[in-house]
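Subject: A structure for you to look at

Hello,

Here is the structure I promised to pass on. Please open it first and keep it beside you as you read.

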Amino acid sequence: MSSASPTPRPTPRYKPASEKGPAEYVRIPLLPEEAKVASKEGLEAFAQYWYEAANYGYETGVVGLVQAISTPDCEACLNYYRVVERGFSEDDWMAESDIEIMDVHSDYVLTPEGRYQALVLLRQEAMEYYGPEGLQYKGEPDTHVAQLFEAVWMEDHWVAANIATMKTPGICMIDPTNHSC
């Protein structure tokens, strides 16, 4: 009698969202150790993680990661929740909404409001909204965005308190050495 060895199950592979359907097997971003420290480097790593968590929501419709690391009164966060909720209502989904971080910098100075600030330079792909009937809406990409990311250190972890998009004449005018220009 021969014993058959068990057949290994294939590892599910990530599949990005497209006009054919929502993303599948999206990796949950993990908070890096560096982001667990009350320091300049910790704040910068936390800001990057916040945007990774936001990307996860754009791909899955799940905003719980961002909610867990944001204050309840963060207005930009509340707007983000509404955008994702609209994008994933009923059988709808979002695609091509990825945020790419170009740079994060903080001088790590406490503001009078008790927040630390980081300047985040990013670009975001054009948001696409799909439903069973196909493409519903496609936005414009944001190729050069500067955001003021404010966070507070609460006992043993960072929490996003406010994110404000700053009006700029273009990153290339601010930093002509930027190779993405």
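Below is what was found in it, starting with the whole chain and then moving to its parts.

First, some ground rules. This is a predicted model, so local features need pLDDT of at least 70 and side-chain atom pairs count only at pLDDT 80 or more, while totals for chains, interfaces and linings use all residues. Residues are numbered from 1 along each chain as its sequence is written, and side-chain values use heavy atoms, without hydrogens or water.

The whole chain. It has four helices and seven strands. Helices (H or I, at least four residues) and strands (E, at least two) are DSSP runs, numbered from the N terminus. Their order from the N terminus is α-α-α-β-β-β-β-β-β-β-α. The chain has 181 residues, and 40% of them count as buried. Buried means under 20% relative accessible area; exposed means over 50%; partly exposed lies in between (1.4 Å probe, protein chains only).

The sheet. Four strands form an open sheet in the order β2-β3-β6-β7, and the pairing is antiparallel. Two strands pair if DSSP finds at least two bridges between them. The edges are β2 (99-105) and β7 (157-166), and each pairs on one side only. Strands of a sheet pair through backbone hydrogen bonds. Strand β6 (residues 142-154) is joined to β7 by nine bridges. One example to find: Leu 148 has Ala 164 in β7 as its bridge partner.

Helix α1. This helix covers residues 40-60 and lies across β2, β3 (116-124), β6 and β7. It runs at about 170 degrees to β2. Angles run from 0 to 180 degrees between N-to-C directions, and axes are lines fitted to C-alpha atoms, for helices over the stretch in contact (heavy atoms within 4.5 Å).

Helix α3. Which residues of α3 are buried? They are Cys 77, Tyr 80, Tyr 81, Val 83, Val 84 and Gly 87. Seen down the axis of α3, these buried residues fall within an arc of 165 degrees, so they line one face of the helix. The arc is that of the directions from the helix axis to the C-beta atoms. An α-helix has 3.6 residues a turn, so residues three or four places apart point the same way. On the face turned away from the buried side, α3 carries the exposed residues Glu 75, Glu 85 and Arg 86. The cover over the buried residues of α3 includes α1, α2 (64-68), β1 (93-95), β4 (128-131) and β7.

Best wishes
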